[in-house]
Protein chains: 2
Amino acid sequence: MRASNFLPNWLKRYRAQWIGRDTVAALVSTMMLVPQALAYAALAGLPPHIGLYASVLPLVGYALFGSSSALSVGPVAVIALMTASALSSIAAPGTADYITGAVILAALAGAFSFAMGLLRMGALSNLLSHPVISGFVSGAATLIIIGQIGPLLGVPTDGDTAFLILLHSFEELPDSRPLTTAIGLSSLALLLGARLGLAPLLTRAGLSAGAARLLARLAPMVLVLGAIALTYLLEWDRKIEVVGAIPSGLPEFGLPTFEWQLTFPLLLPALIIALLGFVESLSIAHAIALRRGERLNANAELRGLGAANLLSSVSGGFAVTGSFARTAINEEAGAKSPLSGIIAAGLMVLVLLFLTGIFEQLPLAVLAATIIVASINLIDVRGFILNWRYDRTDGLAMAGTFLGVLLFGVEAGIGIGIGLSFATLIWRSSRPHIAVVGRLPGTEQFRNVLRHTVKTQPGLLFLRIDESLFFSNISAVEDRLLSELKRHVDTRELVLILSSVSRIDGTALERLQQVNRDLGERDIRLHLAEVKGPVLDRLSRSKFLGDLTGRIFLSSYIAELALRHEEPQRDSGQLPGQA
Amino acid sequence: MRASNFLPNWLKRYRAQWIGRDTVAALVSTMMLVPQALAYAALAGLPPHIGLYASVLPLVGYALFGSSSALSVGPVAVIALMTASALSSIAAPGTADYITGAVILAALAGAFSFAMGLLRMGALSNLLSHPVISGFVSGAATLIIIGQIGPLLGVPTDGDTAFLILLHSFEELPDSRPLTTAIGLSSLALLLGARLGLAPLLTRAGLSAGAARLLARLAPMVLVLGAIALTYLLEWDRKIEVVGAIPSGLPEFGLPTFEWQLTFPLLLPALIIALLGFVESLSIAHAIALRRGERLNANAELRGLGAANLLSSVSGGFAVTGSFARTAINEEAGAKSPLSGIIAAGLMVLVLLFLTGIFEQLPLAVLAATIIVASINLIDVRGFILNWRYDRTDGLAMAGTFLGVLLFGVEAGIGIGIGLSFATLIWRSSRPHIAVVGRLPGTEQFRNVLRHTVKTQPGLLFLRIDESLFFSNISAVEDRLLSELKRHVDTRELVLILSSVSRIDGTALERLQQVNRDLGERDIRLHLAEVKGPVLDRLSRSKFLGDLTGRIFLSSYIAELALRHEEPQRDSGQLPGQA
């Protein structure tokens with residue numbers, strides 16, 4: 001084997017002229033990454049430097065194993081919240097066990113992810129429907145926002161559920177520190193203003209649309225630097241809470257000690273974080289791949305995220321995944337390849353070595369404002385409206401997952417979501433659509449009698465079953481069939497059109513056999529038309545085809561031709577052949 | 001309202017000449033019911049008279065509310081096993097709490113069942129696929145047989161799992177009581193012989209096939225009476241274990257005291273017993289209804305079983321449901337209506353008042369033999385072979401449920417079964433069948449190019465998707481679509497035939513929109529054909545139809561006609577209209 005076999009694909013195809021674009025993109029993303037790393041570490045209940053540690057090696061790990069050219073991996077809000085939720089049961093925030101737990105959690109999530117990638121389990125992302133993912137992320141973002149109201153206004157946060165935290169925050173409002181409240185609210189106003197109005201403003205000022213969008217996205221970094229400068233100048237650090245000491249220098253490398261009583265309770269949360277981080281990241285990477293016309297490999301994504309989390313753990317960081325906001329910045333700044341991630345990691349090393357001191361004076365209220373504004377973006381109101389309008393079931397699944405997260409927390413919420421995904425699937429296929437059909441005059445096409453002007457034949461009933469036949473819907477099909485026969489009392493030939501039936505399971509087959517016998521005794525013949533190849537193959541392994549009172553027709557048209565000619569003979573009392 | 005509105009339907013239609021048949025059927029079923037009631041009470045870990053109590057009022061309750069004309073309700077093996085399993089966690093067999101628990105369990109199961117019937121939740125029976133029910137019953141029957149080896153051979157039974165019980169029974173074998181072993185094994189041999197050879201023997205002796213079958217079925221009762229006579233004559237009761245004292249007289253009526261610490265842990269088991277008793281009973285009643293051309297009402301069945309269990313509880317009995325073996329006897333003996341059940345209940349009152357003394361001398365080993373032979377009948381080896389041959393997935397679901405019951409017990413087993421039912425459903429629909437199709441020459445029909453000799457057009461690709469489009473299969477569909485386009489590089493027009501697509505969920509719609517845009521950039525138009533009415537209605541609520549690069553065709557044939565004519569124009573570089 002040649003050494004180049006071990007190089008990632010993108011590196012083999014790398015062109016020298018890309019390096020400029022990749023470096024610029026790396027610079028811009030790093031400016032966004034530093035404040036987000038600090039903010040999401042705080043959200044996870046961890047000291048700020050853990051967030052910085054999680055922003056170096058994971059970028060390299062993803063670049064080596066992942067398949068997206070612009071995905072930016074690192075700390076993200078939802079995974080930070082899930083980390084806090086997972087750790088809350090094993091230790092108090094700020095304790096050594098809590099920090100060790102976060103590092104173990106990243107290792108476990110990384111191991112799960114990497115293993116799933118090696119086992120080619122990328123199809124796992126199909127476990128969750130889009131409305132459910134969207135409901136989950138919206139719910140988690142709402143939880144995050146509610147949790148940040150306290151730090152934003154300078155009131156203590158307390159309470160077990162979203163509702164209690166909200167209530168408590170407002171109860172404490174009269175005791176808030178006025179300076180903190182003022183800084184927090186004006187930061188929030190500035191960020192919201194920048195999000196809504198800055199890009200159009202800059203475009204009108206003469207910038208290109210792309211550059212304007214990019215600058216508007218960097219507003220949080222500008223705000224953070226401005227707040228730090230003001231804190232220095234006005235000596236705010238004596239009156240308000242700031243980030244405080246951040247140890248400078250590189251992390252110590254090494255695997256955490258996997259103590260059983262810390263590790264065991266984190267196994268399930270780690271699996272959930274691996275799955276959810278993957279699903280979230282994949283949908284971001286998928287969007288880029290479509291825009292860039294690239295092929296995405298779900299299994300490579302799993303390995304990339306797995307490597308990122310394992311390396312985060314080895315360097316003392318917490319769980320990471322692809323970030324929506326930073327990926328957008330990285331792409332808009334013109335990243336050509338994962339090399340921009342590796343360059344960004346190098347820049348983060350410089351930050352860790354020389355610049356941590358700057359961020360020590362950052363007011364927590366400003367950090368809270370950046371978290372809130374980033375999270376607002378994750379609440380998918382438009383998606384809910386679209387889903388609701390397109391399909392109530394999807395809308396309900398999304399709302400159910402959203403409420404599940406708010407009322408029972410992130411882990412129960414995702415369980416509820418998976419349950420709802422499948423419940424909707426099962427509910428839909430247990431209520432099959434069945435149409436009485438007739439022939440469109442002048443064609444060989446058969447259509448629903450209720451929607452088209454079609455021709456039907458006396459004594460001949462065509463039913464089209466629009467669903468595969470399973471244990472969960474065969475009762476409904478049987479009921480409908482008998483009620484249609486009651487409405488068409490003269491029926492002597494019943495043709496089931498199986499053009500939509502892709503599978504018939506054992507339970508359904510048994511019931512069909514009973515129906516066939518039952519109709520036989522009532523002197524009604526049962527025919528099948530448009531049976532698909534795989535279904536016919538399988539039916540021929542049972543006794544059903546031998547017992548069938550009627551015939552199997554290639555098409556409904558042929559069935560009509562054949563049965564129409566047989567019918568009058570019987571009606572006139574003649575024996576076949578006498579006509 | 002007239003008083004007759006409150007009478008059951010069958011009573012309003014009752015004809016006087018039926019009474020003879022119903023009385024004969026009642027007599028015959030009672031002869032079967034007495035030993036089974038004693039045996040299944042023992043199986044549930046209850047004193048024998050509780051079994052007799054559960055065999056009086058439940059028959060009346062079902063007759064008043066149920067809808068089957070010949071179903072025989074009362075103690076059955078699987079429900080007795082589930083009762084023992086549910087009670088094992090709250091009290092020791094034989095204690096007062098254990099007996100009270102059994103009565104509470106019947107009340108709860110009855111209340112659940114009746115409430116589900118009133119709420120018209122009969123469709124709940126669709127929760128379980130036939131292979132899973134069959135796997136469950138086979139597993140429970142195997143558990144029962146293993147548990148009866150001890151009593152049969154006269155060795156003590158001990159152990160938590162089926163395997164340990166089996167092992168222990170054989171370890172203790174050298175210490176078995178020889179007389180018990182001899183009685184047990186010869187009873188078993190006689191019953192098996194009667195089952196396999198008695199009916200043909202009697203037919204050859206001149207009896208009608210029906211009478212021969214009926215007599216063969218009554219073999220257990222003959223054996224029981226013979227064993228009792230021998231025990232009296234040879235004074236075996238000093239050397240072997242017999243049923244022992246059975247209190248004579250009617251039960252005291254009244255509701256049990258619902259103590260919270262007894263009731264709460266029984267809620268879930270009661271729900272499972274209600275659900276499983278219903279599913280089992282419904283399949284028995286369904287078979288009779290089909291044979292007799294009657295309509296069965298699933299909700300009336302729920303109410304009937306609910307009333308039966310509530311009345312069982314009120315009269316000090318345990319949980320009941322429809323019995324396969326006794327229903328068969330009742331039907332073969334010619335029962336015309338549920339009145340035969342009411343007459344049987346009257347006969348059971350006579351047994352309770354005057355005949356309990358007889359059964360006190362019945363050897364337990366004989367009872368064990370009758371339980372084993374009845375249970376062997378429940379193990380559905382043939383069903384497993386048929387399922388396996390017809391559909392591996394069904395076969396695996398059945399085997400999984402069977403093993404789940406054996407390894408983890410009845411309650412976990414049924415959970416595994418429901419899980420497997422839905423897992424197979426989801427697994428099947430996440431692997432959609434997609435066919436490249438072409439037109440059968442001389443017809444308007446399109447068929448799979450791999451199975452038929454069909455005609456295709458250059459630049460024109462027809463793909464038929466044989467499954468509704470959901471979040472769980474849209475990735476697979478997308479992958480297949482792109483790989484077919486790679487195999488047909490000249491494709492300019494892609495027609496998706498949606499004849500089998502009954503629903504497109506929000507996730508799938510979003511991906512289709514992306515595919516449409518993606519193909520648009522590659523200069524491939526996306527068309528739809530044979531879209532069903534409900535699907536089109538729903539699609540028109542989204543932006544998809546407006547964005548679609550191609551058109552929507554009523555049929556594949558029309559699509560081919562239209563697109564075949566457009567194609568050459570474009571190939572020749574002409575603009576539309578120039579031709």
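Buried area here is the accessible area (1.4 Å probe) that two parts lose on being put together, summed over both. For chain B and chain A, that comes to about 5,700 Å², with carbon and sulfur atoms giving 52% of it. This is a predicted model, so to speak a computed picture: local features need pLDDT of at least 70, side-chain atom pairs count only at pLDDT 80 or more, and totals for chains, interfaces and linings use all residues. Residues are numbered from 1 along each chain as its sequence is written, and side-chain values use heavy atoms, leaving out hydrogens and water.

Taking contact as heavy atoms within 4.5 Å, 67 residues of chain B touch 66 residues of chain A.

| Feature between chain B and chain A | Value |
|---|---|
| Salt bridges (side-chain nitrogen of Lys or Arg within 4 Å of a carboxyl oxygen of Asp or Glu) | eight |
| Salt bridge Arg451(A) to Asp537(B), N to O | 2.9 Å |

Which helix of chain B gives the largest share of the side that touches chain A? That's helix 22, with seven residues; helices are DSSP runs (H or I, at least four residues), numbered from the N terminus.

Now the symmetry. Superposing the copies by least squares on C-alpha atoms of residues with pLDDT of at least 70 in both, a rotation of 180° with 0.0 Å of shift along its axis puts chain B on chain A, at an RMSD of 0.1 Å. That is how a two-fold axis relates copies. In chain B, Ser500(B) has the C-alpha nearest the axis, 1.9 Å away. Both copies use the same surface, as 99% of the contact residues of chain B recur in chain A.

Note on methods. Chains are lettered from A and ligands numbered from 1 in the order in which they are written. Helices (H or I, at least four residues) and strands (E, at least two) are DSSP runs, numbered from the N terminus.
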